[in-house]
Amino acid sequence: KAVVQQLRRGIASAGMLAPHLQKSMRDYLNLNRHHVAYRGLRRGRQSGREVLCELKEQARLRTLDGTEQPFSGLAWDRLVPPRPLEQLWGQGSKFKSCAVVTSAGAILHSSLGREIDSHEAVLRFNAAPTEGYENDVGNKTTIRIINSQILARPRHHFTTSSLYKGMTLVAWDPAPYSVDLPRWYRNPDYDLFTPYEERRRLHPTQPFYILHPKFIWQLWDVVQGNTQENIQPNPPSSGFIGIVLMMSLCEEVHVYEYIPSLRQTDLCHYHEHHYDAACTLGAYHPLLFEKVLVQRMNSASQHDLKTKGKVTLSGFSGCIP
Ligand code: C5P
């Protein structure tokens, strides 16, 4: 509980975590599965506006466009949607106001559904349902970010489930930090490439993109560059990826239950009976550090944070250098 209170004030660090979470952080640092070799600097404390502008400059939203090997050799330039993600809703036009709905258990009993659906565009994650939870999470879905497990693991029924129909899909998978695309293609964490090709052929009109691993690791670099301690050398969470994605597409972004409200709970997801504090504070993903950075950019009140778990962020158009 104490670490979440500190997080709401933006001053949390790994030393405040429960011993088992600190241990798994250390284990991931020693393992360094993705061969991270950070060569960037470590900044002193930047203001929220400075962080916003750094994200805008350093982490350019990018999806696979089929022009690089091995994808060019596989004619992916004709497989990917003809319009880039940033231009899907009109060239140069942005959503006025967007909602990012995390899957945290703390959103249960929030009655935030109506507020969430009032935003022009709504982003959700992975297998998070709306059916049966409308009062708390709303029912509009404009974009769904999905990790490669959703595409690859049979239990998610990616091909047939209605969860993944009628919206824009954005998939990702952790590539090596060096962003060696041929190596990633041969050896992804979970094979997302085959189901991607199949769905593009079956449903060519559904906008469906794969994030460029360069974008993912640029985000990681910004989080590490703004953190004094060594963060887990693993990709940022889908939550952080989704927040930054919406900062590119929207003038204003409202994030729900990323930094927990007073409803804070160890319930991992609102739609599952699984309890684990790591879902909120991080084990594999550098979640705590992502959240500290997002808190710094927040312009909503402490009251909104405590009662709604809501953070309000300016989109990238708000960074005027
Ligand atoms: O678990 P999953 O990645 O599907 O959840 C979507 C995102 O919601 C996470 O990547 C994380 O950023 C956020 N989340 C959270 N606290 C939780 C569960 C999810 O901040 N308890």
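These legends walk through several close-up views of a predicted model.

Local features here need pLDDT of at least 70 and side-chain atom pairs count only at pLDDT 80 or more, while totals for chains, interfaces and linings use all residues. Residues are numbered from 1 along each chain as its sequence is written, and side-chain values use heavy atoms, with hydrogens and water left out.

**View 1. Helices α9 and α10 cross at roughly 100°.**
Here we look at helix α9 (residues 213-225) and helix α10 (residues 238-249), whose axes come within 11 Å. Helices (H or I, at least four residues) and strands (E, at least two) are DSSP runs, numbered from the N terminus. The axes are lines fitted to C-alpha atoms, for helices over the stretch in contact, and angles run from 0 to 180 degrees between N-to-C directions. On the α9 side, look for F215, I216, L219 and V223, which meet F240, I241 and V244 of α10 (contact means heavy atoms within 4.5 Å). What kinds of residues make up this contact? Seven are nonpolar, with no polar and no charged ones. Nonpolar means Ala, Val, Leu, Ile, Met, Phe, Trp, Tyr, Cys and Pro; Asp, Glu, Lys and Arg count as charged, and the others, Gly among them, as polar.

**View 2. A disulfide joins C53 to C319.**
A disulfide is a covalent bond between the sulfur atoms of two cysteines, taken here as a pair of cysteine sulfur atoms within 2.5 Å. By this rule the count comes to three. Counting bonded cysteines along the chain, the pattern is 1-6, 2-3, 4-5. For C53 and C319, the S to S distance is 2.2 Å. The torsion about their S-S bond is about 120°, so this disulfide is right-handed. C53 sits in helix α3 (residues 48-58) and C319 in the segment after β7 (310-314), 266 residues apart. Are these two cysteines buried or exposed? Both C53 and C319 are buried (buried means under 20% relative accessible area, exposed over 50%, partly exposed in between, with a 1.4 Å probe and protein chains only).

**View 3. C98 and C250 link two strands.**
The sulfurs of C98 and C250 are 2.0 Å apart, and the torsion of about -95° makes this disulfide left-handed. C98 lies in strand β1 (residues 95-101) and C250 in strand β6 (residues 250-256), so the bond ties together parts that are 152 residues apart in sequence. C98 and C250 are both buried.

**View 4. C268 pairs with C279 in a disulfide.**
Their S to S distance is 2.1 Å, and with -90° about the S-S bond the link is left-handed. C268 is in the loop between β6 and α11 (278-281), while C279 is in helix α11, eleven residues along. C268 is buried at 7% relative accessible area, whereas C279, at 30%, counts as partly exposed.

A75 has a positive phi near 60° although it isn't a glycine, and at 24% relative accessibility A75 is partly exposed.

**View 5. H109 has a positive phi.**
H109 isn't a glycine, yet its phi is about 65°. Find H109 in the loop between β1 and α4 (113-117), exposed with a relative accessible area of 70%.
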